[in-house]
Amino acid sequence: MIGTPGAPVEAPREVTVAHAPRRAGSTPWRLLLRRPTFIAGAVILLFWITCALFGTAIAPHSPFAQQLLATNMRPSAAHWFGTDQLGRDVFSRVLVGSRSILEIAALATVLGTVLGTALGLVMGYLGGVVDLLVSRIVEAVLAVPLIILALLFVTALGSSVLVITLVVGFIFTPLIARTVRSAVLVESQLDYLSSARLLGENSARVMFVEILPNVMPAILVEFTVRLGYAIFTVVALSFLGLGIQPPTPDWGADITANYGVLPAGYWWETIFPALAIMSLIIGVNLVTDSIEQVLAS
Amino acid sequence: MTAADTTTAAGTGGGTGPAVTVEQMDVTYKVRGQDRLALRDISFQIGRNESYGLVGESGSGKSTVALALTRYLPRNGRVSAGSIRINGIDPLALGNTSLRELRARTVSMVYQEPGRALNPSIKVGRQIAEVYEIAGLDRKSALERSEAMLRKVQISDPGRVMERYPHQLSGGMAQRAVIAMALAAEPSLLILDEPTTALDVTVEAEVLDLVAALRDEFDTSVLFISHNLAVIAKMCDRVGVLYAGELIEEGVAREVFDQPRHPYTVGLLRCIPRRGQRKDNGRLDTIPGFLPPPGHSLTGCIFAARCPIAEERCRTAAPPAFAISPTRSSRCYLHEQTPDLPRNTPVNVELVSHRDAATAIVRVQGLSKTFDSRGEAVKALVGVDLSIERGETLGLVGESGSGKTTLARALLGLIAPDEGSIVELDSRPLEADARRRPREQLKALQIVFQNPDSALNRRHTVRRLISRPIARLAGLSGARLRERLADLVTSVRLEERHLALRPSQLSGGLKQRVAIARAFAGGPRIVVCDEPTSALDVSVQAAILNLLVDLQAKEQVTYLFISHDLGLVRYLSDRIAVLYLGRVMELGPAETVFAGPHHPYTEALLSAVPSLDGLHTERIRLSGEIPSAADPPSGCVFHTRCPRRLPTGICESTEPPLLEVAPGHLMSCHIPLDELRTLQDTGQAP
């Protein structure tokens, strides 16, 4: 390594033998698959997603077929979860019923996440009056119990599937915005944003190209958390008679339709839709927890 | 291996037997079911009242040694071979009760971050008193002893400090409190793990003096761990150099640093500018390559891959520790050749200087910046007048809180200066906000930040990180962008294959190269370097400094170089500005400022820096810490700490103007230059 004076210096060997020090790190995805809680949650979720997509094909009976001679039948080999007051197969209705809830909850959460992310980025990055104003609105929304707020809007606007999706999505927007905002504030301390300013980048680019990829993990966790809440909210609304209307199979609506006969001992008509709701929420929470832990480690 | 034992004869001091004996110790970490050797075959002794230093770069295993001694290794780590004796006791064989006893009475530790060593919810006094209570004292006398102990660590108002919570103490005060706590048990071994790394030089100097004084008073043995060779040279009787988990050289500190006998130690010492070395009289040497990965299974010498004189046998069989003298050992077959070790980087590179002292490229006048902190006006900069000349390197020094970074950020347009401040580029005013600056102005001023982890977007690839500024500032696209990218990558000595990687896949030095490439992408005229090497290891630092020097000559840029490391500033800078509480105290050609007579503050900074060359010029010490900028002292802001304050009272009442005391040399001090010259030559305070 002898350089002639004045000539550009040869590259020091540091670079030529360089090896990337953290090459073989496990990807977050691999870390997730190593967690039993994630596997369990994912299996439950996948099961219900399959039912939602192909429910009618999998179900042993049509969820609408009434057998008026076989109403309120106990669970048996022919009807695993028994039949309801109209003689419909409860097992088939539970399987097919996953569709409406997953559709509405997922769409509403996606809507809330997209809007909340945009709002959170603007609040966190631009700060100032926008942040102050939106923060107060967020606090106001948070002060009212979620379900009451949803009820208020649904009663005012009518209880179509579209309205419920929009209402739940909009209610989630400020909640998600708040989470994204605080993640953005952490990023704002970092020099790469100063660096972007010194390149004369505009705010939109800084927010969506520079910051957004770095707050994605926080958004992902928030999305799964909200999905659980969305499922719960949508079920509660349909239990109150808002949302999916009979005879479309729906867990919440089916519980409402049948819990009147619960005192008569026909427990299977309400317990199985209720268990379905429970398993779905548990599945979502297991996945959420594992994602959170992997991202935290 | 037996040769290692010969070094143990050096244990100095009296008492019965050494305080610490470590013999052929291996430490293994289990990572994903696989054993990885973190330390191998470590043997050393610490005599009674001896101070033993462990130096090494990050990843060398320094802290692991301390953890192994106190049995604080993490759950997946264990001492897998060899033995440890502390005061004749084997900590590995102890049960829970006696281990607690050992940690409470025999060994104390002081870590890098004092804030994390103290419980934030308990008052400082109670925390120290707890140590005495464990030793059996009642609460009242424990508190009394704590107060006395705090006085010993030179806390001037111990009564008040005891009533405070840790967050109410400054870094230096908190570290003293931790040292007080560590010494309260009167341990026979005190382990200090980078105790001053988080502190300013002036505070560091005080804490080091304190440790040295207390060591004598308490008759304690010290294990001092640091990456800073000069600190070790100052503090330790003997030193061991760690590399990749092996003790590669050991001996009396002075001898090791003056005549290193292992190629790694030689290389490490050549990476640091010494004896007033400057960029014009030769470049720094570098150590090529990287530490072997943890848990490596190398058959030969661990340093062979980076060693310029490695032979065949170095690669096939690990060298034993050769005894060079009764007090020295080196794990190198070729230890006799080390004094003539060939350089990895040629010394003589002709630097084409584009300096033009006549032209001020940037001119700053009356630059002030006031921050609002909970209703209080914090004056970070007060009326700074400064010009940066074309092609020069202007060094900016001062303690933290002196306004260095604020000045740089104001120049860059990242913070808006106060009304009335003038910041000009080529005699034309610069927009205060970078977002409103036209491309020409953005192009002209760029920065290399201190921490590349923060400065590089971790989700973007290196290609994207470097391409974007080329597109934005140079306005290139397509084939011409790719051409410029290839050029830049070559000139910062990265490689094509790095382009596809993300920052987390690069080492610290490579990351900083990416950051430098970004700063140079648009063809800047001034590059601000804000502590660009403070997050890097010494060997990497040298390569980055060489790169900055080369780029300056090649791209004809001007540097504003900010650093707390006066050695680096001296090496790189043509002129130096010394800042204190947002005011320029002294400004002048680097050699003049360093040679003196200097401003008392500059003098204090220089005296505080530990030197590797054995010339300790500890003439004056600053007491206390930099006052709050919200409530600056009257008159000369430095008078509260100035060791040369005039008895006339003028320093307290009148702020001295920044006057030219010699051609190009400005100073803000009431003491006339000639008097300063006399004072600083004799070293007597007035």
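Two residues are in contact if their C-beta atoms, placed from the backbone, lie within 7 Å. In chain A of this predicted model, residues 24 or more positions apart account for 72% of the contacts that have a separation of 6 or more. The secondary structure of chain A consists of 11 helices and 0 strands, so that from the N terminus on the elements read α-α-α-α-α-α-α-α-α-α-α. The radius of gyration of chain A is 26 Å, whereas the globule rule gives 19 Å for 297 residues; chain A is therefore more spread out than a compact globule. Along the principal axes, the C-alpha atoms of chain A fill a box of roughly 105 × 45 × 25 Å. Of the 297 residues of this chain, 42% count as buried.

One residue of chain A was examined individually. I137(A) is found in helix α5 of chain A, which covers residues 128-143.

In soluble globular proteins, nonpolar side chains tend to be buried together. The largest nonpolar core of the model has 204 residues. Among the residues with the most contacts inside this core are A177(B), A180(B), L223(B) and I526(B). Helix α8 of chain B (residues 171-184) supplies the largest share of the core, 10 residues. When residues up to four places away in sequence are not counted, A177(B) touches L118(B), V124(B), I128(B), L150(B) and L169(B). A second, separate core has 63 residues, including V90(A), A108(A), W251(A) and V294(A).

Chain B also contains an open sheet of 8 strands, with mixed pairing and the order β17-β18-β19-β14-β20-β21-β23-β22. Strands β17 (445-448) and β22 (659-662) of chain B stand at the edges; each has a single partner strand, so one side of each is left without a neighbour in the sheet. From one strand to the next, the twist averages 25°. Within the sheet, β14 (residues 393-397) and β19 (residues 558-562) of chain B run parallel and are joined by 4 bridges. G395(B) stands opposite F561(B) of β19(B).

Helices pack on this sheet. Helix α14 of chain B (residues 404-412) lies across β14, β17, β18, β19 and β20 of chain B, and runs at about 150° to β18(B). Helix α19 of chain B (residues 508-520) touches β17 and β18 of chain B, and its direction makes about 180° with that of β17(B).

Just after α2(B), R71(B) takes a positive phi of about 60°.

Methods: Residues are numbered from 1 along each chain as its sequence is written. Chains are lettered from A and ligands numbered from 1 in the order in which they are written. This is a predicted model: local features need pLDDT of at least 70, side-chain atom pairs count only at pLDDT 80 or more; totals for chains, interfaces and linings use all residues. A nonpolar core is a set of buried Ala, Val, Leu, Ile, Met, Phe, Trp, Tyr and Cys residues joined through C-beta atoms within 7 Å. A residue is buried if 20 or more other C-beta atoms lie within 10 Å of its own, exposed if 12 or fewer, and partly exposed in between; C-beta atoms are placed from the backbone. Helices (H or I, at least four residues) and strands (E, at least two) are DSSP runs, numbered from the N terminus. The radius of gyration is taken over C-alpha atoms; the globule rule is 2.2 Å times the number of residues to the power 0.38. Two strands pair if DSSP finds at least two bridges between them. Axes are lines fitted to C-alpha atoms, for helices over the stretch in contact, and angles run from 0 to 180 degrees between N-to-C directions.
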